[in-house]
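Thanks for coming, everyone. I'll take a few minutes to walk through one chain. Please have a look at the sequence and the structure before I start.

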Amino acid sequence: DPEVPGQIGSPMTGTIWRIGTKERALKAGDRVKKGEEVMNLEVMKTENAVRSPVAGVVRELCVSVNSQVEEGQLLAVVEHDEKSPSKVR
């Protein structure tokens, strides 16, 4: 549902190329920052980053590497973390 901030849908039809980044494989329970790459979608030999719309904890990965996905399909669920660390001075 595009109205739910932590639900990440596929922006287009393609193949899941990678979950996480080149530096870090992502799994349920991992923390992500707003705008961080959650997975990579390959469409016609072009890689497209799928980024988290919120900061929080990955609660569910709904696809796996090499999964064929359709536009709008749910890829992952990130639980918004309302407790952002504050710096004490």
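Predicted model: local features only at pLDDT ≥ 70, side-chain atom pairs only at ≥ 80, totals over all residues.

One definition first: strands here are DSSP runs of E, at least two residues each, numbered from the N terminus.

Now the overview. How many helices and strands does the chain have? There are 0 helices and 8 strands. Reading from the N terminus, the elements run β-β-β-β-β-β-β-β. The chain has 89 residues, and 36% of them count as buried. Its accessible surface is about 6,100 Å², with 51% of that belonging to carbon and sulfur atoms. Take the contacts with a separation of 6 or more: 59% of them join residues 24 or more positions apart.

4 strands make an open sheet, and the order is 5-4-2-7. The pairing is antiparallel. Which strands are at the edges? Strand 5 and strand 7 are, and each pairs on one side only. Strand 7 is residues 68–69. As a general point, strands of a sheet pair through backbone hydrogen bonds.

Let's look at strand 2, residues 14–19. On one side, strand 2 pairs with strand 4, residues 37–43, over 4 bridges. Strand 2 is also joined to strand 7, by 2 bridges, again antiparallel. Thr-15 shows both pairings. Thr-15 stands opposite Glu-42 in strand 4. In strand 7, the bridge partner of Thr-15 is Gln-68. Why is strand 2 described as largely enclosed by the rest of the structure? Because 5 of its 6 residues are buried, and buried means under 20% relative accessible area.

On to the core. In general, nonpolar side chains tend to be buried together in soluble globular proteins. Here, the largest nonpolar core has 17 residues. Which of them touch the most other members? Ile-16, Met-39 and Leu-75 do. Strand 2, strand 4 and strand 8, residues 74–80, each supply at least two residues of this core. Strand 4 gives the most, with 4 residues.

Beyond its neighbours within four places in sequence, Asn-48 is in contact with Met-12, Met-39, Asn-40, Leu-41 and Val-43.

Is Asp-30 buried or exposed? It is buried, because its relative accessible area is 14%, and the cut-off is under 20%. A polar atom of the Asp-30 side chain lies 3.0 Å from the backbone nitrogen of Lys-27. Again leaving aside neighbours within four places in sequence, Asp-30 is in contact with Arg-24, Ala-25, Gly-56, Val-57 and Val-58. Gly-56 is 26 residues away along the chain, yet the two C-alpha atoms are separated by 8.4 Å.

To recap: 8 strands and 0 helices, an open sheet in the order 5-4-2-7, and a largest nonpolar core of 17 residues. That's my tour.

Notes: Residues numbered from 1 in each chain as written. Heavy atoms only, no water. Contact = heavy atoms within 4.5 Å. Buried < 20%, exposed > 50% of the residue type's maximum accessible area, 1.4 Å probe, protein only. Areas by Shrake-Rupley, 256 points an atom, 1.4 Å probe, with all protein chains shown as cover. Pairing = 2+ DSSP bridges. Polar contact = N/O pair within 3.5 Å; in protein donor to acceptor, adjacent residues only side chain to side chain. Core = buried A, V, L, I, M, F, W, Y, C linked by side-chain atoms within 4.5 Å.
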